[in-house]
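Me: I am new to this one. Please show me the structure, and then I will ask about it.

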Amino acid sequence: MTAVEERRTATSVLVIGTGAAGLRAAIGLAELGVQVLCIGKRRRDDAHTVLASGGINAALGTMDPEDSWEQHAADTLREGHWLGNPVSVELLCREAPRAIDDLVRWGARLAREDDGRLSQRYFGAHRWRRTCFAGDYTGREIQLTLARRAAEVGVELRDDVYVTRLLVHEGRVFGAYGFDVDGGSRWLIVADAVVLAAGGHTRIWRRSSSRRDENTGDAMRLAAEVGCRLRDMELVQFHPTGMVHPEESAGTLVTEAVRGEGGILRNAAGERFMERYDPERLELSARDRVALANYTEIAEGRGTEHGGVLLDISHLERELILSRLPRMYRQFVDLAMLDITQTPMEVAPTAHYSMGGIHVHPETHATDVEGLYAVGECATGVHGANRLGGNSLAECLVFGRIVGAEAARWSTELGVQVRDRDAIDTARQELDGLLSGRGEEFARPLQRAVRDLMSECCGVVRSEGGLRDGLARLEEVAGRAERLEVRPDIAGYADLAHAFDLQGSLLAARATLDCALERRETRGAHNRADFPDEDPKLQVNLVWNLGGTVTHDAVPSPSSADFSVELDLDSPDRLLE
Ligand SMILES: Cc1cc2nc3c(=O)[nH]c(=O)nc-3n(C[C@H](O)[C@H](O)[C@H](O)COP(=O)(O)OP(=O)(O)OC[C@H]3O[C@@H](n4cnc5c(N)ncnc54)[C@H](O)[C@@H]3O)c2cc1C
């Protein structure tokens, strides 16, 4: 093999991920005067965060003065079916207003009322209007604002580095290893502390609201392989309506606003099936109930040719659809060449959000490895068994700031750091091994096999038999993945990136299946056909390690009396992501 260039650099704190969580952490570090390098594997203005549409939560009380951080916390804990960590939830809700202040100060154009107050709207299961937004482009506005601020405060940013391994010596992180996705040169980055903000694992299902090559479980693999535990990996939110056709767009989100505006769900026989599942609220039923209804219709053979159900809005005035749902109209024209003012959309549940992820300390987001922190969708603690819409952007910003401060403190106080040559060699050999692979298997089809088995064996509804079948199929795919052909070409190193994406997906899938098997109950987003009820004994977090062991961790009780506010409130039927 020809010698490959290895570029070396050192920084105080390395942040892996240029989405909302990573950028927020990096800004905090730079503002504290700490040297920071922030890296990502795709364009900085196109991290997954740009897809977020509906909004970001903070109990500002601009529309409903009765609102409070305590009520926000109560709503979050209840909707999470009591698996969220109360300490993390309290921090999220107390600090979210400050996160909005930061955004506004840095120039984010959030919607305002005529008198200048920030507008806030309802999101599902929130007691009051507390969701700030920028049209239905909130994620994009936040991403651009953070990227601009990061540049202003001098964050060094690279969006062409794929991290393949964290470098750890005796339980303490000292950097990361990776490669340049365009040119293939290697990167050895030495750092006092590392912040992992590399997203979730929802792309391991066939229908996913993530785009290609994002949320492939990289963060979970990077962390677990150096000794971090993962938690509640089975808890994945399925959105009821993702696109079904054409195949390459399968999973792309169809906003709940379609149902909010009067969209009707029908099966292939033309039956308005929500009359059977929730005769009162029909299509305006809660997100998990509609997802389950759509899933059941399809699974029981009443689905459409492409395996979906029909969502019809064509009975509304064309002008109304164009003014209320412009983004959806454009999406179906562009992706499916379909006019939703004339023709029903085919939809099915789509994997949308990872509630589980890397095990972190509830306040500091420190992981099991010293000097390593995790934040954003890759971390866990806030959402329990079901995420409230609008809470994840808030989580990225609140804990991004906290993690920045913690990593700065770690870096400043660090006395001695050992750089372990063996750890670096292992990372180099891992890359060499893949590049010299001349097997008969390719990463993309195997990735597809993982997505198929996760959809068939660990989708909206799970059972012991299906999950065991999934584990057996996964083992077979993992065996084939050892015989990969990886062949970078003149167009770049995408082939190598796909090989590592596959490794992330295999690990995330195994952890998800193991935990889903262990959670023998139905709770929040986790439906077990063989255990249809919530089991009070399983009001625990499931903690997984690389050895495949799953242990039960008690969830601390809310210590603050404030959490008792309005806990018994029925979820209001208000839609929007
Ligand atoms: C369609 C849609 C709508 C949504 N709407 C909302 C909403 O209205 N409100 C809300 O609160 N949430 C919403 N969400 C969820 C929210 O967008 C995400 O949870 C959040 O943006 C995650 O941000 P993050 O910073 O953790 O990760 P991401 O934005 O996913 O960023 C991950 C970063 O890690 C990098 N990375 C990954 N792997 C590697 C690697 N191996 N090497 C180097 N870099 C790597 C990526 O390049 C990227 O920069 C929505 C999600 C979707 C899909």
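Me: How do the residues of the shell around the ligand divide into nonpolar, polar and charged?
Reply: This is a predicted model, where local features need pLDDT of at least 70, side-chain atom pairs count only at pLDDT 80 or more, and totals for chains, interfaces and linings use all residues. Residues are numbered from 1 along each chain as its sequence is written, and side-chain values use heavy atoms, with hydrogens and water left out. Ala, Val, Leu, Ile, Met, Phe, Trp, Tyr, Cys and Pro count as nonpolar, Asp, Glu, Lys and Arg as charged, and the others, Gly among them, as polar. The shell then holds 15 nonpolar, 16 polar and 6 charged residues.

Me: Which residues around the ligand come nearest?
Reply: A residue counts as near if one of its heavy atoms lies within 4 Å of the molecule. There are 37 residues around the ligand. Those that come nearest are Thr18, Thr49, Gly55, Glu377 and Ser392.

Me: How far is a nitrogen atom of the ligand from an N or O atom in the side chain of Ser392?
Reply: A polar contact is a pair of N or O atoms within 3.5 Å. An oxygen atom of the ligand lies 2.8 Å from a polar backbone atom of Leu393. For the ligand nitrogen and the Ser392 side chain, the distance is 2.7 Å.

Me: Which element gives the largest share of the shell around the ligand?
Reply: Helices (H or I, at least four residues) and strands (E, at least two) are DSSP runs, numbered from the N terminus. Elements giving two or more residues include helix H1 (20–31) and strand S6 (161–169). The largest share is 4 residues, and it comes from H11.

Me: Are helix H3 and helix H11 roughly parallel or perpendicular to each other?
Reply: Axes are lines fitted to C-alpha atoms, for helices over the stretch in contact, and angles run from 0 to 180 degrees between N-to-C directions. H3 (residues 86–105) and H11 (residues 391–413) pack at about 90 degrees, with axes 8 Å apart. Angles under 35 degrees count as roughly parallel, over 145 as roughly antiparallel, 65 to 115 as roughly perpendicular and the rest as oblique. H3 and H11 are therefore roughly perpendicular.

Me: Which residue does a cis peptide bond join to His245?
Reply: Most peptide bonds are trans. Here omega is about 0 degrees.

Key. Polar contact = N/O pair within 3.5 Å; in protein donor to acceptor, adjacent residues only side chain to side chain.
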